[in-house]
Amino acid sequence: MNLHWSEFGEQLCRGSGISELMDDLGHAIAKGGDSICMLGGGQPAHIPEMDALWRKRFEEMGREPGKLEHAVGNYEPPSGNPAFRKALADLFNRQFGWNLGSENIGVTAGGQTAFFMLFNSLAGKFRDGSRKKILLPLVPEYIGYANQSVDGEMFRAVKPRFGNDRRARV
């Protein structure tokens, strides 16, 4: 079959630094098993206390009819579980004195997805024909940022200069 990809589709097919990194890390874990501690790619090593907490919570959910099945087999709304979003907003309000509601919280499947949505929402081509970019001191600062754009170059890098007052000047 001869498929014709959009520019974005072609970009996805080329691969990226982050997919190569995650592929390498996945193969290392598969070969090394429990003797390997994952300390890269955004995934921390296993912390025994956290593993025990997750195991306990999954066991509790398994005893509640339908609870585990809901957690692992049902879709939540696109912005995330409403009760979780409210609880997170309440936590941020208590801990940091912020004034957030659940409408200010979005839950994604990971940091890569969150940055993809954020960067492409704030930068790129706009309806009026203008273009905006994301300014980062170094590009790509993180290997996953370089391939985040659906519309060409998204980042602008400017090496910071510091004066006597130590404030950055661009």
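This is a predicted model: local features need pLDDT of at least 70, side-chain atom pairs count only at pLDDT 80 or more; totals for chains, interfaces and linings use all residues.
Local features require pLDDT of at least 70 and side-chain atom pairs pLDDT 80 or more, while totals for chains, interfaces and linings use all residues. Residues are numbered from 1 along each chain as its sequence is written, and side-chain values use heavy atoms, without hydrogens and water.

The chain contains six helices and six strands (DSSP runs numbered from the N terminus: helices, H or I, at least four residues; strands, E, at least two). From the N terminus, the order is α-α-α-α-α-α-β-β-β-β-β-β. Mean pLDDT (the predictor's confidence in each residue, 0 to 100) is 81 for the chain, and 80% of the residues score at least 70.

Of the 170 residues, 15% are buried (under 20% relative accessible area, 1.4 Å probe, protein chains only). The accessible surface (Shrake-Rupley, 1.4 Å probe) is about 13,700 Å², with 57% from carbon and sulfur atoms.

The largest pocket holds about 380 Å³. A pocket is an open set of points on a 1 Å grid over the protein atoms alone, where a 1.4 Å probe fits, with protein on both sides within 12 Å along at least five of seven lines. Its volume is the space filled by probe spheres set on the points. Lining residues (an atom within 4 Å of a point) include Trp54, Arg57, Phe58, Lys67, His70 and Glu76. Helix H3 (48-63) and helix H4 (67-73) each supply at least two lining residues.

Technical notes:
Buried means under 20% relative accessible area, exposed over 50%, partly exposed in between (1.4 Å probe, protein chains only).
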